[in-house]
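Subject: Handover of a structure

Dear colleague,

I am handing over the structure shown below, together with an account of what was found in it. Please read the account with the structure open beside you.

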Amino acid sequence: DRDVARVRTATERFKASDTAIAAGYPRHTDCVQNQPQGAMGFHFQNNALLDATLDVEKPEVLVYEKMADGTFKLNGVEYLVPIAAWKHEEAPTIMGQKLKRADSLGIWYLHVWIWEPSPSRIFSDWNPRVKCEK
C-alpha cells in the first residue's frame, strides 16, 4: 500500500529512539499491554503535532518495544487527534481508516503496525508479537 510505504520512509530515521527524542518525540508512556491480545508498547509522542490535522508522513506517536539489551525497537505508529480539537460529527480518517474514539484519554486514535506486522491486522490496537516483559 502506498500510504504504508510513505509512513515507512518518513519514520525510517526513528528506528533509533534517540533520533526520535531529538526530533520532538519524548517517551510518553510506559509499556501498554492487554494480554492475551498483546501489547502496544511504549509511546513516544510529539505534542507539537496534536491538532485536528492528520498527515501520513507525520504520525503523532511512534510505538516502540523495549528489547532485552535495553534498546527500543520501532514497531509502528499511532495517529492522534484530541477530541477537543475535532469539530465534526464523523470520526477523523487517515489511510482510508476511521480513527477510534477513546473518551477516557480524550483522543481519537489509530495504530498502524508498519515495522512489526500484527497477526491481528495492520490497524489493530494490539499486536500479539509485542511484549512488555523485557
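Two strands are said to pair if DSSP finds at least two bridges between them. Please note from the outset that this is a predicted model, and that the values below were computed from it.

The sheet

Six strands make up an open sheet, and their order across it is E1-E2-E3-E4-E8-E7, with antiparallel pairing. E1 and strand E7 (residues 100-102) are the edge strands; each has a single partner strand, so one side of each has no neighbour in the sheet. From one strand to the next, the twist averages 40°.

E2 and E3 run antiparallel and are joined by four bridges. In this part of the sheet, Phe44 stands opposite Leu62 of E3. E3 in turn pairs with E4, again in the antiparallel sense, over six bridges. Here Val61 has Glu78 of E4 opposite it. E4 and E8 also run antiparallel, with six bridges between them. The bridge partner of Pro82 in E8 is Ile107.

How far is strand E4 covered? E4 spans residues 72-82 and is mostly covered, with ten of its eleven residues buried.

Turns and backbone features

E3 and E4 form a hairpin with five residues between the strands, and in this hairpin Gly70 adopts a positive phi near 95°. Gly70 belongs to the loop between E3 and E4 and is partly exposed, its relative accessible area being 35%. The C-alpha atom of Gly70 is 25 Å from that of Pro119, a residue 49 positions away along the chain.

Two residues other than glycine also have a positive phi. Met95 has a phi near 55°. Met95 sits in the loop between strand E5 (93-94) and strand E6 (97-98). Its relative accessibility of 13% is under the 20% cut-off, so Met95 counts as buried. Arg121, in the segment after E8, has a positive phi of about 135° although it is not a glycine.

The peptide bond between Gln35 and Pro36 is cis, with omega about 10°. Pro36 lies in the loop between strand E1 (32-34) and E2.

Salt bridges

In general, side chains of opposite charge can pair when their charged atoms come close. How many salt bridges does a search of the whole structure find? The search finds eight, and three of them are described here.

Arg6 and Glu57 form a salt bridge through their side chains, at an N to O distance of 3.1 Å. Arg6 belongs to helix H1 (residues 2-11), whereas Glu57 is in the loop between strand E2 (38-45) and strand E3 (61-66), so this pair ties together parts that are 51 residues apart in sequence. Arg6 is partly exposed, with a relative accessible area of 28%. Glu57 is likewise partly exposed, with a relative accessible area of 39%.

Arg101 and Asp103 form another salt bridge, in which the closest N and O atoms are 2.6 Å apart. Arg101 is partly exposed at a relative accessible area of 46%, while Asp103, at 54%, is exposed. The two residues thus fall on either side of the 50% cut-off, over which a residue is called exposed.

Arg129 and Glu116 also meet in a salt bridge, with N and O 3.8 Å apart. Both Arg129 and Glu116 lie in the segment after strand E8 (107-112), so the pair ties together parts that are 13 residues apart in sequence. Arg129 is partly exposed at 43% relative accessibility, whereas Glu116, at 15%, counts as buried.

With kind regards

Technical notes:
Residues numbered from 1 in each chain as written. Predicted model: local features only at pLDDT ≥ 70, side-chain atom pairs only at ≥ 80, totals over all residues. Heavy atoms only, no water. Salt bridge = Lys/Arg side-chain N within 4 Å of Asp/Glu carboxyl O. Buried < 20%, exposed > 50% of the residue type's maximum accessible area, 1.4 Å probe, protein only. Axes fitted to C-alpha atoms, helices over the stretch in contact; angles between N-to-C directions.
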